Amino acid sequence: MPEFKKPGAQVQSTGGWPTLAGTKPAYASALCAFYVGDSFVLLDALAREIDRLRGGKRSHVITDPPYDEHTHTKMLVRKEQGLRAGLAYNEFDTKDVGFDSISNEQILAAGKLFHACANGWSLVFGTDALMHPWRVAITEAGASVRRQCLWVKSNPMPKVLGDGPGQGHEPFLASWHTAKGLSEWNGGGRAGIWTGTKDSNTFHKTQKPEWLLRSLIENFTNPGDLVIDPFAGSATAGVAGVRAGRRVILIERDEKMAERAIERVRAAREQLTLALADGRGKQTEMGFAIEEREAKKAEVRAARKARRL
Ligand SMILES: C[S@@+](CC[C@H](N)C(=O)[O-])C[C@H]1O[C@@H](n2cnc3c(N)ncnc32)[C@H](O)[C@@H]1O
């Protein structure tokens, strides 16, 4: 594992990404900027830059914020091997999710910040219990909830105690930035249900599968749009976004997690370069390469101009 560089020390190419509230991207390429810090502070700063950053395209928030306190403290896992239905609750460990839960006040604040940064969709994952608080926050901020959607897990965890149905889905709210007019998406008449497996090779405790984020990004956004994930975790949205040729801003406050997530985004980027080099690149990936080349040219032009001044 390469040593983690403090925020700002690892900038490869700024690609025009801004410093937000004194924080430079810890990783930056033409398509992706990764900030290590508190999203409530950084989104507030991002809102002031957002017009320039979207450059005539749409910006969207696609994110999986922390969950309610109950979910964080009461998730039960088996202490010993094997399913032993009938164990008393005190024989089970509570699951350490690895990050703090979100409060109703934070949800209200996040709803406003998402609205300030998105002029397209916001897709917000949460537990069933949090769908109502998120709906209130998003609506109060001025956006319009168009659908509560579901990821239906085709390989869900069995209910350990065997005392009722297990959890086989995760909900998310799909909201358009304004209540006026029609929202835009590429999914035609399809229903808001995505069915498929969890990934097995994960390093974040609540890591979303890449196929899911890729499908959401392709359905709800267009090439060149800006996708913002302010609770990035392992950077699943970032990897899916970069592979789909979208520009992505990621924020994660856990430095150790950010270190691994940045490696994941970097590896995805390198795979793309290899695919392009041996001709396996897809149309969007070609677009991505062209965009990166153009961003590099713009940087060189800006540096020349600065030298002349
Ligand atoms: C539910 S997880 C996201 C998992 C992600 N969807 C994935 O596929 O890996 C939420 C993440 O938000 C991060 N987080 C919590 N509060 C934050 C904050 N105020 N600013 C930035 N990140 C935060 C946590 O450290 C955690 O990694």
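The structure is a predicted model, in which local features need pLDDT of at least 70, side-chain atom pairs count only at pLDDT 80 or more, and totals for chains, interfaces and linings use all residues. Residue numbers start from 1 along each chain as its sequence is written.

Strand 7 (residues 144-153) pairs with strand 8 in the antiparallel sense over 8 bridges, where pairing requires at least two DSSP bridges between two strands. Arg-147 has Ala-174 of strand 8 as its bridge partner. Strand 6 (residues 121-125) is likewise antiparallel to strand 8, with 5 bridges; here Val-124 faces Leu-173, and Trp-121 stands opposite Trp-176. Strand 8 is mostly covered, with 6 of its 8 residues buried; a residue counts as buried if 20 or more other C-beta atoms lie within 10 Å of its own, as exposed if 12 or fewer do, and as partly exposed in between, with C-beta atoms placed from the backbone. Strand 7 also pairs with strand 9, in the parallel sense and over 4 bridges, and Val-152 stands opposite Thr-195 of strand 9.

These pairings belong to an open sheet of 9 strands with mixed pairing and the order 1-2-11-10-3-6-8-7-9. Strand 1 (27-28) and strand 9 (193-196) form the edges, each pairing on one side only. Helix 6 (residues 210-220) packs on the sheet and touches strand 3 (59-63), strand 6, strand 7, strand 9 and strand 10 (226-229); contact between two residues requires C-beta atoms, placed from the backbone, within 7 Å. The direction of helix 6 makes about 150° with that of strand 9, axes being lines fitted to C-alpha atoms, for helices over the stretch in contact, and angles running from 0 to 180 degrees between N-to-C directions. Over the whole chain, the secondary structure comprises 9 helices and 11 strands. Of the 309 residues in the chain, 34% are buried. Among contacts with a separation of 6 or more, 67% join residues 24 or more positions apart.

A further packing arrangement involves two helices. The axes of helix 4 (residues 104-117) and helix 5 (residues 131-140) come within 8 Å and cross at roughly 35°. Asn-104, Ile-107, Leu-108, Ala-110 and Gly-111 of helix 4 meet Pro-133, Trp-134, Ala-137, Ile-138 and Glu-140 of helix 5. By class, this contact has 7 nonpolar, 2 polar and 1 charged residues; Ala, Val, Leu, Ile, Met, Phe, Trp, Tyr, Cys and Pro count as nonpolar, Asp, Glu, Lys and Arg as charged, and the others, Gly among them, as polar.

In helix 7 (residues 236-243), 8 of its 8 residues are buried, and the helix is followed by Gly-245, whose phi is positive, near 80°. Ala-235 lies in the loop between strand 10 and helix 7 and has a positive phi near 75°, in a residue other than glycine. Ala-235 is buried because 30 other C-beta atoms lie within 10 Å. Ala-261, in helix 8 (residues 255-277), is buried because it has 27 C-beta neighbours inside 10 Å. Beyond its neighbours within four places in sequence, Ala-261 is in contact with Ala-232, Gly-233, Ser-234, Ala-235 and Glu-252. Ala-261 and Thr-236, 25 residues apart in sequence, have a C-alpha to C-alpha distance of 8.3 Å.

A positive phi is also found at Ala-21, near 45°, in the segment before strand 1. Ala-21 is partly exposed because 15 other C-beta atoms lie within 10 Å. Most residues other than glycine have a negative phi.
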